[in-house]
Amino acid sequence: MKNKKVYIETYGCQMNLADSEVVGSLLHDDGYEFTKSLGDADIALVNTCSIRDHAEQRVISRLGEFKRYKSGNPEMVIGVLGCMAERLRTKLLDQLKLVDIVVGPDEYRKLPGLIESAFEGEKGIAVKLSKVENYDDIIPLRTDGVSAWVSVMRGCDKFCTFCVVPYTRGRERSRTLHGVVQEVEQLVQRGFREVTLLGQNVNSYRDDELDFADLLMSVAHIDPKLRVRFTTSHPQDMSDKLIEAIAGHENICAYIHLPVQSGSDRILDLMNRTYTIDHYMKLVEKITSTIPGVALSTDIIAGFPTETDEDHQATLDVIREVRYDGAFMFKYSPRENTKAWNMGDDVPDEVKSQRLTEIINLQRSISLEINKEMIGTTVEVLVEGTSKKSDTEFMGRTDTNKTVVFPEGDYKIGDYITVKIHEANAATLFGHVVTPQGWVDVRIAVEA
Ligand code: 5AD
Ligand code: SF4
């Protein structure tokens with residue numbers, strides 16, 4: 001009987017969201033309750049991200065706000081989890097006096113013990129990385145819903161020279177195929193309609209002879225009405241078998257996040273990305289010719305060390321050539337202890353900002369063009385919830401991962417409906433629900 005309440009705030013990638021659910025499960029099993037309000041919490045945890053300096057600064061300033069709550073409740077235990085815990089270690093305890101516990105991504109099983117000690121006034125740290133920990137036996141604590149994140153592998157062995165992930169999350173290791181399939185079967189039984197299989201580098205997934213394409217197909221076979229997504233793919237390891245698996249299964253979504261990072265071969269080499277633009281474009285060609293209507297998105301870094309205007313123009317060229325549906329675009333942020341750290345940070349901030357703005361503007365105009373082409377077409381949408389902007393409108397996504405907003409109607413969250421698109425901007429499609437038969441059929445089929 002603990003009666004103590006935990007508050008968890010999560011920053012960063014989807015992996016962190018999934019990890020917070022693992023943490024939730026471990027603490028739930030240990031008798032803790034949860035609260036959505038920091039003011040009610042006995043334990044406040046932040047699951048953090050180190051990918052760029054900006055991400056870390058946000059967490060540091062948020063921890064500054066936690067001080068107010070701790071002074072109102074001096075017994076409150078404050079914990080930093082995730083990548084910042086792994087990267088900064090004891091520095092966090094030394095520099096931020098309010099922090100009681102620091103726990104890296106592979107040590108969450110120690111959290112209950114560390115929290116217990118913290119209540120007795122003992123600060124604690126656990127930041128060892130593991131070659132085997134994959135939390136395969138833990139059922140993440142999720143609230144019921146439509147979409148679930150399912151972590152299938154942890155860590156990264158790619159060592160892109162700009163990236164802290166191999167240092168904060170350690171070596172690659174996969175869960176068992178059986179463990180993942182079992183978890184997804186339970187999610188389907190609970191009413192989830194979409195899963196996203198997660199890994200820093202999912203294409204490296206392995207369970208003995210079985211690879212990521214085998215895993216993806218096994219998950220897709222669980223229920224033909226379950227949408228299956230995955231992220232993130234490294235262009236180096238995108239196999240023909242995987243592309244064919246996506247093409248051959250209607251419920252594996254026709255959407256691939258395929259980070260290119262830069263359009264310049266010289267920069268890609270400095271980044272240790274292990275492919276050239278020629279290889280990348282051939283891969284894109286293979287994907288688009290094999291998977292009809294596939295949507296592609298990417299990650300781009302502006303202002304990597306030594307990047308010239310010519311390199312930057314090459315990045316704009318790739319964006320134009322691929323015509324990505326969407327992109328995540330960042331200014332290069334030097335991270336201590338990475339290889340690129342030693343290359344200096346010689347692109348001035350104004351130049352980085354200027355290049356980033358050009359990249360964003362170009363991508364936005366392409367996304368707008370692509371979305372406008374959808375006007376007048378009819379798409380299948382999985383209803384996910386109310387729209388952010390209005391309670392009388394709902395939102396869902398197409399299998400190509402486009403957000404669609406439509407008026408309320410005779411359907412419910414979790415239904416597949418058919419929507420005719422009548423308006424579009426760079427981020428969202430707007431439409432009205434057509435044939436009720438569309439969703440009635442699907443619902444009857446699912447309930448039967
Ligand atoms: N600076 C800027 N962007 C980075 N990313 C990773 N490390 C850095 C960095 N040091 C970006 C990459 C990666 C995405 C998750 O974050 O584009 O694909
Ligand atoms: Fe970082 Fe590269 Fe691994 Fe992605 S593939 S997590 S960018 S090292």
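Colleague: In this predicted model, how many residues lie between β18 and β19 in their hairpin, and which residue in the turn has a positive phi?

Modeller: Strands β18 and β19 form a hairpin with five residues between them. Strand β18 covers residues 393-397 and β19 covers residues 403-407. In the turn, a positive phi of about 75 degrees belongs to N401.

Colleague: Do β18 and β19 pair in the parallel or antiparallel sense, and what is the bridge partner of M395 in β19?

Modeller: Five bridges link the two strands, and the sense is antiparallel. Within that pairing, M395 has as its bridge partner V405.

Colleague: Which residue in β21 is the bridge partner of V405?

Modeller: Strand β19 also pairs with β21, residues 428-433, in the parallel sense over three bridges. In β21, the partner of V405 is F430.

Colleague: Let's move to the open sheet of three strands; which strands stand at its edges?

Modeller: The order is β14-β15-β16, with parallel pairing. Each edge strand has a single partner strand, so one side of it is left without a neighbour in the sheet. The edge strands are β14 (255-257) and β16 (326-331).

Colleague: What is the bridge partner of Y255 in β15?

Modeller: Strands β14 and β15 run parallel and are joined by three bridges. For Y255, the partner in β15 is A295.

Notes:
Residues numbered from 1 in each chain as written. Chains lettered and ligands numbered in written order. Predicted model: local features only at pLDDT ≥ 70, side-chain atom pairs only at ≥ 80, totals over all residues. Heavy atoms only, no water. Pairing = 2+ DSSP bridges. Helix = DSSP H or I, 4+ residues; strand = E, 2+ residues; numbered from the N terminus.
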